[in-house]
Amino acid sequence: MEEAQEDRATKRTAPGFLALAPGRAPAADGLPAAVDPSTASFHVLARQVRAIGLLDRRPGYYRVKITLTIFAFFAAWVLFVIVGNSWATLAVAPLVGMMFTQLGFIGHDAGHNQVFGTRRRNRLLGLIVGDALIGLSFGWWVPKHNAHHAHPNEMGRDPDIGEGSALPSSDARGKGPGPIASWLARWQAPLFFPLMVLRSSGMHVLGINRLARRRDHASLVEASLITLHAALYLTVVLWVLSPLKALAFIAVQQAVFSLYLGISFAPNHKGMPIIESATAAAAGFARRQVVTARNITGGRFTTLMLGGLNYQIEHHLFPSMPRPNLRRVQGLVRDFCAATDLGYCEESFVESFRQIVHHLSDAGAAVGRRPG
């Protein structure tokens, strides 16, 4: 009887990985992190990875990548001007939105210091592509994202599943301050994609709020860059289009930007095990990173479209590793995960979202069954 109850309390979340029941963190049989079996093995892996140069910067790759991305970004705007004051510009809006997201991937790499050898140069790149070109606060995003990497899927500490998330949490439990939060938690599955369209708006608001609160020199620089972005963006759009067409263009462009950004980040952790803060310390660094992350299968095209985020497990184990090296380290990481029995979750793009929606449906149904 007890064995049957234990079977029902577990859930298979990835091939070869038997996780604890939702809300529980898989730990090393209750052992402290210092003696988590995966810890010593990860130290060996990390030394091996460093020795073969996979953590070394890739200036040639990023020189070409950044140049081509920025060129494509401005080429999209040139096409917008060429099409002119026509409803046909709505066909250009998705292209501009996609290039916003591609620039966001470069900002992501800069935030992890993957591009240059110094933090100062990476920050300068982040300010250019983040604040000046796409209008998002790089200074707000970096500490938020670093907190996510330090505490992936950890309740109360990962901002991507809490109040700091610009995307509705896939792990909402109806503990909000009122009936609206409970309603959102109950209907989170059908609302997941519609609300994802608002992702960029939420990020704009959260970033600007942070700048308004800080009021230091760095925030003044960012505020100036974001203001410059907004002025140039609106000037170009309103110079080419009539007000109604301009409004439609902005709505489509921002919606595509939001949706593309959302579907690029959502498969990485949504629907994966949640770690309670009380048990997080029982798991070592590698265990926390691996069991909460999901890779996406596919070749170079998938890597291009997802900005390298398809190698999420490798990225979380080595966040400063340049994007093109993630594919090269994958074999070593797979062997490490197999040797330490951590599991290695890797799904297709479509299957990852099927799992996410199924998880959201279960979570929403659980909220609906609770007494009001």
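Helices (H or I, at least four residues) and strands (E, at least two) are DSSP runs, numbered from the N terminus. The model is predicted, with local features requiring pLDDT of at least 70 and side-chain atom pairs counted only at pLDDT 80 or more, while totals for chains, interfaces and linings use all residues. Residues are numbered from 1 along each chain as its sequence is written, and side-chain values use heavy atoms, with hydrogens and water left out.

View 1. Valine 83 lies in helix α3 and counts as partly exposed at 30% relative accessibility, where buried means under 20% relative accessible area, exposed over 50%, and partly exposed in between (1.4 Å probe, protein chains only). Together with Val78, Leu79, Ile82 and Leu95, Val83 makes a nonpolar surface patch of about 410 Å², to which α3 gives the most, with four residues. Patches are made of residues with over 30% relative accessible area and no salt bridge, nonpolar side chains (Val, Leu, Ile, Met, Phe, Trp, Tyr) being joined within 5 Å and like charges within 9 Å; a salt bridge is a side-chain nitrogen of Lys or Arg within 4 Å of a carboxyl oxygen of Asp or Glu.

View 2. The structure holds 16 aromatic pairs, defined by ring centres within 6.5 Å for Phe, Tyr and Trp (its six-membered ring), with planes under 30 degrees apart counted as stacked, over 60 as edge-to-face and the rest as tilted. In one of these pairs, the rings of tryptophan 77 and phenylalanine 80 have centres 5.4 Å apart and planes at 85 degrees, so the pair is edge-to-face. The two residues are three apart in helix α3 (residues 59-83), which separates them by about one helical turn, and both tryptophan 77 and phenylalanine 80 are buried.

**View 3. Tryptophan 77 and tyrosine 233 between two helices.** Tryptophan 77 also forms an edge-to-face pair with tyrosine 233, at 5.7 Å centre to centre and with 90 degrees between the planes. This pair links distant parts of the chain, since tyrosine 233 belongs to helix α10 (residues 217-240) and lies 156 residues from tryptophan 77 in helix α3. Both partners are buried, and both belong to one aromatic cluster formed by Phe73, Phe74, Trp77, Phe80, Phe100, Tyr233, Phe249 and Phe257.

View 4. With a disulfide taken as a pair of cysteine sulfur atoms within 2.5 Å, the count comes to zero disulfides.

How values were computed:
Areas by Shrake-Rupley, 256 points an atom, 1.4 Å probe, with all protein chains shown as cover.
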